[in-house]
Amino acid sequence: MDSKSAVAGGGYKTCNRAFGADQFDEEDPEEGKAKSSYFNWSSLCICIGLSVSMLTLSYIQDNLNWVLGFGIPCIAMVVALLLFLIGTNTYRYSIERDEKSPIMRICKVFVEAARIWRTTSLPEKAIEEGALGTLSHQGSQECKFLNKALLEPNCPEEDVKVGSATEFEKAKAILRLFPIWSTCLVYPIVLVQSSTFFTKQGMTMDRSVWSGFEITAASLQVCISLSIVLFVPIYDRIFIPMARKFTNKPSGITMLQRIGIGIFISSISMVIAALVETKRLKTTQDHGLIDMPYATVPMRVWWLVPQYILFGLSEVFAVVGLQEFFYDQVPNELRSAVVSLYLSIFGVGSFLSSFLISAIEKATEGGDGQEGWFNDNLNRAHLNYFYWLLSGFSVVGFAAYLHFTRSYTYNKGGLL
């Protein structure tokens, strides 16, 4: 069942946002503005659904019936599929009729570039002058190692030379994304902590709401979705119009600025998480609970809420910004495929988080009884050290991100 869900999610998540954005006409100024808002409101709707399911389905599954708990989302998906099919005749399709796959055409550019780079030796000046005469000025100055293949006279005409300027511009547009992709990997390493260590912290704290009733530690994750639901309308209806007055940009701020703000907010959230965990550990010491891992620490779980809310705010900026950025900056026919690059940031980031935790655990656990950062007894662990480390990584990643964004040139349309 899990494998089927993964396959379904892989197809749905990569195509859903791209197909929805394709319904807006980029040549129309009003629809162009609406397309930017689409990513905001799409995320809002998903978070509303996630919040409702977390608050209701978990209760139904735990207290009523697992069959009913799985049956309700199944019925909801059937209804959603029917509504999707009903609108089939009204959708806009952005399809280029071509004999060859766009991915294969661009892969041929890289293969041909590698082959020619090894077998020919054109002077650098000739390559630069020739590229300036074939590509745009922006295209000729970026990823210069591809220019040699563009100018190779023996390149088979049917493979690359036909429309070669277009294909090379497209290949370079994809390569330009990778520095941004790599510098954003720290962000999901930070973000994934909300569903792991934050929850473990909450399990040790006072979770009572009123006499006889206490919330689960995992339910605090709904604060992320609720904060997104709260901040998306504020961002779209208040922040963007105010920013337009200063920047004269339809979107208020650029996509890279939006992503950068989200990364910066996530680093602040880790600083707050480190301070809260330091206070929790001090409380356990003050009350003699260090060797009592199952005792409730006399500290309310609401102390964790600010870091969850900041995570939600960072997603409004970074996650939605990444979705729009990877959709907007690639060739039209590759949008669904390249949007998977956005998803891969979170997949690779999760693996890096696991690797980092394993490495730290081995490095901090000594054979002489030294207690590691991730001790099973959370009262003897040092999650605050880990959070400080992540905040440091986040600052370094943010600095690298700023370095690459300063030299990034947006796709203006044209050949792409």
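Me: Leaving aside its neighbours within four places in sequence, which residues is valine 305 in contact with?
Reply: First, the ground rules: this is a predicted model, where local features need pLDDT of at least 70 and side-chain atom pairs count only at pLDDT 80 or more, while totals for chains, interfaces and linings use all residues. Residues are numbered from 1 along each chain as its sequence is written, and side-chain values use heavy atoms, with hydrogens and water left out. Contact means heavy atoms within 4.5 Å. With neighbours up to four places away set aside, valine 305 contacts Leu220 and Cys223.

Me: Is valine 305 buried or exposed?
Reply: Valine 305 sits in helix α15. Buried means under 20% relative accessible area, exposed over 50%, and partly exposed in between, using a 1.4 Å probe and protein chains only. The relative accessible area of valine 305 is 17%, so valine 305 is buried.

Me: How many of the residues of α15 are buried?
Reply: Helices are DSSP runs of H or I with at least four residues, strands are runs of E with at least two, and both are numbered from the N terminus. Helix α15 covers residues 305-328. It is mostly covered, and the buried count is 22 of its 24 residues.

Me: Where is the kink in α15 centred?
Reply: The bend at a residue is the angle between axes fitted to the seven residues ending there and the seven starting there. In α15 the kink is about 40°.

Me: What span does α14 reach from its first C-alpha to its last?
Reply: Helix α14 runs over residues 255-286 and has 32 residues. The expected span is 1.5 Å times one less than the number of residues.

Me: Why are α13 and α15 oblique to each other?
Reply: Axes are lines fitted to C-alpha atoms, for helices over the stretch in contact, and angles run from 0 to 180 degrees between N-to-C directions. Angles under 35 degrees count as roughly parallel, over 145 as roughly antiparallel, 65 to 115 as roughly perpendicular and the rest as oblique. The axes of α13 (residues 222-247) and α15 come within 8 Å. They cross at roughly 45°, and α13 and α15 are therefore oblique.

Me: Which residues in α15 meet α13?
Reply: From α13, the contacting residues include Cys223, Phe231 and Phe239. Those in α15 are Val305, Tyr308, Ile309, Phe311, Gly312, Leu313, Glu315, Val316 and Phe317.

Me: At what angle do α16 and α17 pack?
Reply: Helix α16 spans residues 335-364 and helix α17 spans residues 383-406. Leu356, Ile357 and Ile360 in α16 meet Phe386, Leu389, Leu390 and Phe393 in α17. The axes are 13 Å apart, at an angle of about 130°. That makes the pair oblique.

Me: Is histidine 403 buried or exposed?
Reply: Histidine 403 belongs to helix α17. Its relative accessible area is 55%, so histidine 403 is exposed.

Me: Which residues does serine 194 touch, not counting residues up to four places away in sequence?
Reply: Serine 194 is in the loop between α11 (186-191) and α12 (197-204). It counts as buried, at 7% relative accessibility. The residues it touches are Thr199, Gln221, Ile224, Tyr308 and Phe311.
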